[in-house]
Amino acid sequence: MRRMLVLLALAAFAAGPVPAGADQAVPGFDLDAATIPDLQHRMDQHRLTSVRLTSLYLQRIATVDEKVHAVIAVNHRALAEAAASDARHRSGHTLGPLDGIPVLLKDNVDTRNLPTTAGSRALLNTRPAADASLVTRLYRGGAVILGKTNLSEWANFRSTHSTSGWSGVGGQTNNPYVLDRNPCGSSSGSGAAIAATLAQVAIGTETDGSIVCPAGANDVVGHKPTLGLVSRTGVVPISAEQDTAGPMTRHVIDSAITLSVLQGRDASDPATLRIPADQPRDYAARLRPDALRGARIGVWRLSGLDADVDRVVNTSVATLRARGATVVDVELPFQEEVNENEFPALLTEFRRDLNAYLAARPGAPDTLNDLIVFNRNDPVELSKFGQELFEQSAAAPAPTDPVYLKQRQIATTSARRSIDETLAKLKLDAIMAPTNSPAWKTDYAAGDAFVLGSSGPAAVAGYPNVSVPAGFAGPLPIGVSFFAGQWADAKVLALAAAFERAQPARRVPGFLPH
């Protein structure tokens, strides 16, 4: 059903009138390798239009996405939005570096003019009353909203035995490098779409690993910002204590440019009111080719779990040292305290925050309990795996429960101490760690087969984390992550960009069947 709806929308583009400028400026360049500054330069020189760029991506969605199943809906207004951007370019009144750039949104980000389902059939026949705050910011920056991406249903917080990249609405998203391998999640479609060159930018969301893991598994850049830097208003939640949205791109500079547009205060999201007055407004301007020179980087190796990961980490360490960084091996403390307390705290927070979201969503089920009943009666929703996390969350303690409050306090404090104390003790600028092990084979009977991940400390602390391509295990990508303290987004982006330049590991996917 998802594929039929996307194809019908794409057919409507072809059947309708071609906007002015659509036949101009054949690019003659590598779309996969092009950065946002490259595209803007071409548009400024009248060698490319946003209509042409948007059309190229729509053509790829119509063809390439037959294999990947990353896009869940296409915006029928995309070409009109692109034409409006072209008019601004012609008049010299552009809205910024994202003006005319096609962006895909994870389908848990509210949009008035497109479905927002979180992958659930329970939300198929209802629309949000307003765009998410981050969508409003993208539009103010001139971005073209290309459509919505598939995701692990309910951001992978429904079952203890789930398979990442599957939703009742979108089916299974595949890893574009090897199609029977998993794209990781929950921002599965966002990561796979960027890897397959279906958009210039995608927006993902993360509670713990849901941006950086699909970034690593799909050989793209994923930035999980400091909690509060990007508004969560209008994003289907798991937990206000850990949720954030962030950019997924093929190049660090594109993530930096997108973050500059996304960030900002929002009275409806109190976490954003804590953004420091001196927080950078232009992250791209902070990128330096020599950012690694003189930096002190801690390396959390997580060694011995996967030989290919160990090899990529060793190569990455050699690159850091060759570019003038001092590298110090570290072991992050307090991981047992984080791991023991994060999950039970999330169970309480999920029910609290999802019920609040549903209450403000016109025509949606009223509560988590209503969703549980819907799933039991639906022919698709429980066809691959169950809803154990839904049921555990429904029975979890109240947000006022002292046991829950202690769990959250221990989890957050321990995660922050693990990073802050390690950075301070060793006088480090950031910590590097492997993002992911090679993608596992998608298997509904076995569920996800995670071997390692490093997202936890930054996710639970609410600190910034950037995953960047680092190497391969055969045809399967492996990324490394750079994370640091609160509001250090500019620093980790600069280090990631310098690493990307020193150790370029991005490859065009081969779409191998197995």
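Tutor: Helices, of at least four residues, and strands, of at least two, are taken here as DSSP runs and numbered from the N terminus. The model is a predicted one.

Student: How many helices and strands does the protein have?

Tutor: The count rests on DSSP runs, with helices read as H or I and strands as E. On that basis the predicted model contains 17 helices and 13 strands.

Student: Why does the protein count as being as compact as a globular protein of its length?

Tutor: The globule rule gives 24 Å for 514 residues, and the radius of gyration of the protein is close to that value, so the protein is as compact as a globular protein of that length. The C-alpha trace spans about 60 × 60 × 50 Å along the principal axes.

Student: What share of the 514 residues is buried?

Tutor: A residue is called buried when its relative accessible area is under 20%. Among the 514 residues, the buried share is 63%.

Student: How far apart lie the centres of the positive and negative side chains?

Tutor: Side chains of opposite charge can pair when their charged atoms come close. The structure holds 20 salt bridges, and the protein carries 49 positive and 51 negative side chains. The distance between the centres of these two sets is 5 Å.

Student: Is glutamate 81, the partner of arginine 77 in a salt bridge, buried or exposed?

Tutor: The closest N and O atoms of arginine 77 and glutamate 81 are 3.4 Å apart, and arginine 77 counts as partly exposed because its relative accessibility is 33%. Glutamate 81 has a relative accessibility of 10%, and therefore it counts as buried.

Student: How many residues apart are arginine 121 and aspartate 378, which form a salt bridge?

Tutor: In this salt bridge the closest N and O atoms are 2.9 Å apart. Arginine 121 lies in the loop between β2 (102-106) and α6 (133-140), whereas aspartate 378 lies in the loop between α13 (368-377) and α14 (388-394). The pair thus links distant parts of the chain, and its separation is 257 residues.

Student: Which strand holds aspartate 329, the residue that pairs with arginine 301?

Tutor: The side chains of aspartate 329 and arginine 301 meet in a salt bridge, at 3.1 Å from N to O. Arginine 301 sits in the loop between β9 (296-299) and α11 (307-322), 28 residues from its partner. Aspartate 329, for its part, belongs to strand β10 (residues 326-329).

Student: Which residues does proline 289 touch, not counting residues up to four places away in sequence?

Tutor: Proline 289 is found in the loop between α10 (252-262) and β9, and it counts as exposed because its relative accessibility is 56%. The C-alpha atoms of proline 289 and arginine 501 are separated by 7.2 Å, although the two residues are 212 residues apart along the chain. With residues up to four places away in sequence left out, proline 289 touches Ala498 and Arg501.

Student: Which residues does glycine 191 touch, again not counting residues up to four places away in sequence?

Tutor: Glycine 191 is found in helix α8 (residues 188-195), and at 0% relative accessibility it counts as buried. With residues up to four places away in sequence left out, glycine 191 touches Pro214, Asn218, Val220 and Met248.

Methods:
Residues numbered from 1 in each chain as written. Predicted model: local features only at pLDDT ≥ 70, side-chain atom pairs only at ≥ 80, totals over all residues. Heavy atoms only, no water. Rg over C-alpha atoms; globule rule 2.2 N^0.38 Å. Buried < 20%, exposed > 50% of the residue type's maximum accessible area, 1.4 Å probe, protein only. Lys, Arg positive; Asp, Glu negative; His and termini not counted. Charge placed at Lys NZ, Arg CZ, Asp CG, Glu CD. Salt bridge = Lys/Arg side-chain N within 4 Å of Asp/Glu carboxyl O. Contact = heavy atoms within 4.5 Å.
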